[in-house]
Amino acid sequence: MIPTPSWEPFLLAAPGAHAAAPRAITSPEGIGDRLRAAAFAEIQAREAFEWGARYFTDAPEGLRIAWRGLARAEDRHLHWLLARMQELGVEVGDRLVSDQLWHSLITCTEAHVFAHFMANAEERGRKAGVRFADAMAKVDPLSAAIFGKIAEEEVEHILLAEKYFPKAGAVSEN
């Protein structure tokens, strides 16, 4: 059994439950909801890359080193988001988050499956970041810029799976 990391300071929804739907993206609360959700996705990705680097001994050493580097990048993104939340007075624990992403990632049993699963999750996050940056640009340009920068950096993360496992193909999460 793989232990679940501590998700503090986030507050988790019940196992299997979804987080509450985000409020309007043009409202301060909605911006906070997206910052919180993205920050929680970043902490899950950080932990997953660290776990993958330890667990998948079948992965090439270069990939395992790269995953550790991506974990550091995810941690940097997490701290950008948490700092912005603090600037805006958004409390991390005001709304529940779901760790279903983590639980789905740790079901992977082979390095190539994990690599493509992570790439798919990163691509979903990249697309959301672009949407958030565009939608927030007029109401909160600083948060929009953070989402835009993270989305740019996710491209490198996404390409890593294809670099190491070009013939493995993408894996659907659902």
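## Where α1 meets α5

I31, R34, L35, A38 and E42 in α1 meet S143, F147, I150 and E154 in α5, where a contact means heavy atoms within 4.5 Å. Sorted by class, the residues of this contact come out as five nonpolar, one polar and three charged. Here Ala, Val, Leu, Ile, Met, Phe, Trp, Tyr, Cys and Pro count as nonpolar, Asp, Glu, Lys and Arg as charged, and the others, Gly among them, as polar. Helices (H or I, at least four residues) and strands (E, at least two) are DSSP runs, numbered from the N terminus.

Before going on, a word on what you're looking at: this is a predicted model, in which local features need pLDDT of at least 70 and side-chain atom pairs count only at pLDDT 80 or more, while totals for chains, interfaces and linings use all residues. Residues are numbered from 1 along each chain as its sequence is written, and side-chain values use heavy atoms, with hydrogens and water left out.

How do α1 and α5 lie against each other? They pack at an angle of about 30 degrees, with their axes 11 Å apart. That makes α1 roughly parallel to α5. The axes are lines fitted to C-alpha atoms, for helices over the stretch in contact, and angles run from 0 to 180 degrees between N-to-C directions. Angles under 35 degrees count as roughly parallel, over 145 as roughly antiparallel, 65 to 115 as roughly perpendicular and the rest as oblique. α1 passes α5 in a left-handed crossing, meaning that the near helix is turned anticlockwise from the far one by less than a right angle (clockwise would be right-handed).

## α4 and its two partners

Now bring in helix α4 (residues 111-136), which packs against helix α1 (residues 28-55) at an angle of about 160 degrees, with axes 11 Å apart. So α1 runs roughly antiparallel to α4. The crossing of α1 over α4 is left-handed. On the α1 side the contact uses I31, R34, A45, A48, F49, W51 and G52, and on the α4 side F114, M118, E122, F132 and M136. Those residues split into nine nonpolar, one polar and two charged.

α4 also packs against α5, at an angle of about 160 degrees and with axes 8 Å apart. This pair, too, is roughly antiparallel, and α4 passes α5 in a left-handed crossing. Among the residues making the contact are A115, A119, F132 and M136 of α4 and A144, F147, A151 and I158 of α5. By class, there are 13 nonpolar, five polar and five charged residues in this contact.

## Rings that pair up

Searching the whole structure turns up 12 aromatic pairs. Rings of Phe, Tyr and Trp (its six-membered ring) pair if their centres lie within 6.5 Å; planes under 30 degrees apart count as stacked, over 60 as edge-to-face and the rest as tilted. Take W51 and W102: their ring centres are 6.4 Å apart and their planes sit at 70 degrees, so the pair is edge-to-face. W51 belongs to helix α1 and W102 to helix α3 (residues 100-105), so the pair ties together parts that are 51 residues apart in sequence. W51 is buried at 5% relative accessibility, and W102 is buried at 2%. Buried means under 20% relative accessible area, exposed over 50%, and partly exposed in between (1.4 Å probe, protein chains only).

F132 and F147 make another edge-to-face pair, with ring centres 5.2 Å apart and planes at 80 degrees. F132 is in helix α4 and F147 in helix α5 (residues 141-164), 15 residues apart. F132 is buried with a relative accessible area of 17%, and F147 is buried with 3%. Ring pairs also link W7, F10, F40, W51, Y55, F56, W67, W102 and F114 into a cluster.

Which residues does a cis peptide bond join? E8 and P9, with omega at about 10 degrees. A24 is partly exposed, at 47% relative accessibility. Not counting residues up to four places away in sequence, A24 touches G30, I31 and R34.

S98 is in the loop between α2 (61-88) and α3, and is buried with a relative accessible area of 18%. Beyond its neighbours within four places in sequence, S98 is in contact with A17, H18, A19, F40 and Q44. S98 and A111 are 13 residues apart in sequence and 24 Å apart in space, C-alpha to C-alpha.
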